[in-house]
Amino acid sequence: MINNTYVPISVIVPCFRCANTIHRAVQSIEQQTKKPCEVILVEDSSGDGTLEVLYEIERQYSGWIKLITLPNNFGAATARNLGWSVASQPYIAFLDSDDSWHPDKLLIQYQVMLENPDISLCGHQTIWLKAGSSTPNITQNASITKIYPYSLLYKNAFSTPSVMLKRNIPVRFQSNKRYAEDLLLWQQIAFAGLGVLRIESPLAYVYKPLYGATGLSANLWRMESAELDNLTVLYAEKSIGFTHYALATLFSIAKFIRRLVLIKLFN
């Protein structure tokens with residue numbers, strides 16, 4: 001059963017130089033029709049005015065929002081893992097500090113998790129909400145797609161702010177990765193035989209293009225290198241054989257070349 005006000009979810013938000021956007025992110029959590037039992041903000045040594053803003057938010061939502069600070073900048077993977085380690089609820093949801101959620105996101109997603117107890121990870125669609133745009137109409141009965149492990153070798157099925165998962169699963173973000181660490185976790189979860197679903201409804205919103213404000217970021221090669229590294233990790237773990245490793249590697253490189261061509265044509 002879903003509580004009249006709260007659902008047993010810990011929301012984890014890594015925070016790095018986000019003084020201008022964190023209020024919007026937190027507000028979208030606070031405005032959920034079913035609120036999470038706790039929100040964990042992890043300040044990743046921003047070195048600007050972010051920490052002071054987070055202290056204000058923690059005071060404003062005393063007892064509901066927890067603030068953790070890191071002594072050095074370790075990246076979102078480490079920040080999320082730290083929040084995960086202190087989370088008290090059986091379900092974890094991730095939100096980035098510059099993104100937001102639809103008000104019914106937790107209600108819909110948690111209900112799907114309850115109705116599918118064999119599922120360990122559930123994501124949904126994420127869209128770019130341009131300036132002046134309103135949130136789209138959604139349906140409470142959106143279709144649901146099962147995500148198969150091998151499909152994740154060729155396409156990331158969802159972005160991190162869309163993901164809800166069971167707290168007690170045995171894998172975590174790879175702490176030394178700063179790119180494609182989210183995709184690696186989804187891949188490892190799926191190849192471990194843990195169920196993965198996607199809700200075909202846009203319940204999370206980003207405010208810049210998914211590949212950066214110029215269409216594709218200057219870190220494109222770092223992203224590609226990280227995706228190739230993910231495949232190497234999966235091959236070393238014996239999650240995939242050589243044939244799938246080789247095919248997925250070639251496909252990833254082909255996608256990378258296509259992106260470079262598109263940048264050349266449209267920038």
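**Exercise 1.** State how many aromatic pairs a search of the whole structure finds, and classify the pair Y91 and Y110.

Solution. The model is predicted. Searching the whole structure gives 13 aromatic pairs. For Y91 and Y110, the ring centres are 5.4 Å apart and the planes stand at 85°. Planes over 60 degrees apart count as edge-to-face, so the Y91–Y110 pair is edge-to-face.

**Exercise 2.** Classify the pair W221 and F256, and find which helices it ties together.

Solution. Centre to centre, the rings of W221 and F256 are 5.3 Å apart, with 55° between the planes. W221 lies in helix 6 (residues 220–236) and F256 in helix 7 (residues 242–266), so the pair ties together parts 35 residues apart in sequence. F256 has 13% relative accessibility; the cut-off for buried is under 20%, so F256 counts as buried.

**Exercise 3.** Name the residues that form one aromatic cluster with W84, and find which charged end sits over the ring of W84.

Solution. The cluster is formed by W84, F94, F158, F173 and W186. Over the ring of W84 sits the charged end of R172, 4.0 Å from the ring centre. Elsewhere, the charged end of K130 sits over the ring of W128, 4.8 Å from its centre.

Terms used. Residues are numbered from 1 along each chain as its sequence is written. This is a predicted model: local features need pLDDT of at least 70, side-chain atom pairs count only at pLDDT 80 or more; totals for chains, interfaces and linings use all residues. Side-chain values use heavy atoms; hydrogens and water are left out. Rings of Phe, Tyr and Trp (its six-membered ring) pair if their centres lie within 6.5 Å; planes under 30 degrees apart count as stacked, over 60 as edge-to-face and the rest as tilted. Helices (H or I, at least four residues) and strands (E, at least two) are DSSP runs, numbered from the N terminus. Buried means under 20% relative accessible area, exposed over 50%, partly exposed in between (1.4 Å probe, protein chains only). A charge sits over a ring if NZ of Lys or CZ of Arg is within 6 Å of the ring centre and within 35 degrees of the ring normal.
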